[in-house]
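Try each task before you read its solution.

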Amino acid sequence: MSTPQLTPESIIAKLQKEVPEYHNSIVNDISNGCGQNFEIVVISDCFKGKNKLMRCRTINKILKDEIAAIHAFSCKCFTTEEWAKIVI
Amino acid sequence: MFALQKQLLNSSRLLRARPSGLSTTSLFGASLAKRFLSDETRKAIEDAISSAPVVLFMKGTPEFPQCGFSRATIQMLGQQGVDPAKFAAYNVLEDPELRNGIKEFSEWPTIPQLYVNKDFVGGCDIIMSMSKSGELAQLLDESNALVPEEEQ
């Protein structure tokens, strides 16, 4: 493939730029080196009042090209309020 | 959520009852490398989604999942006590047209994909968090997709 290798940094940069009300994100490359498997957590208040499906769709849309280029990715979306309860 | 705890041990039933789900029947005849969802593909997917109350598009079969996400999803459905008679699985690896078509149909980029009563529920992450929160049990119960209690 001629597409440049994805890195957690490049994904975070894209999320930062395109997710509305971006608060924070965590991106882990869990592919053991091949760069094809990412684990993503996005925290933004734009998820307020949206169900999980709608939240993931928001991220899927933003990362459409990236997702098409990799083998596997997992995505979790939280609002700042929900996130605060998880990391105490 | 209440009565559902009892059904937690049912997982192996689901896995055994439909060894390969419906996956041995190919949904489409000749696989054409089309970019956009054709009417035939759309129709075949709609038929598949209507074929059972709970329909999973997965990689591999319930017995031999060929992807960690598909494996995790089938296990969660088993743990919830989904009635094998109300469940169908389609192996996207057997059918390139289904594999690409279902992504476009659901507007969802990844496999597995779960449908309950023809509504798209989500992929592995969504099912996982719904399973933890009890929402999945509630949804399946309301959809009458679980093994009846008398049969326990």
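Contact means heavy atoms within 4.5 Å. The model is predicted, so local features need pLDDT of at least 70 and side-chain atom pairs pLDDT 80 or more, while totals for chains, interfaces and linings use all residues. Residues are numbered from 1 along each chain as its sequence is written.

**Exercise 1.** Find how many residues of chain A are in contact with chain B, and how much area is buried between the chains.

*Solution.* Start with the count: eleven residues of chain A touch 15 residues of chain B. Next, take the buried area (the accessible area, 1.4 Å probe, that two parts lose on being put together, summed over both). Between chain A and chain B this is about 1000 Å², and carbon and sulfur atoms give 62% of it. Finally, look at chain A, where A:Lys52, A:Leu53 and A:Arg57 lose the most area to chain B, together 46% of what that side buries.

**Exercise 2.** Decide whether B:Thr61 is buried or exposed.

*Solution.* Buried means under 20% relative accessible area, exposed over 50%, partly exposed in between (1.4 Å probe, protein chains only). B:Thr61 has 13% relative accessibility, so this residue counts as buried.

Notes:
Chains are lettered from A and ligands numbered from 1 in the order in which they are written. Side-chain values use heavy atoms; hydrogens and water are left out.
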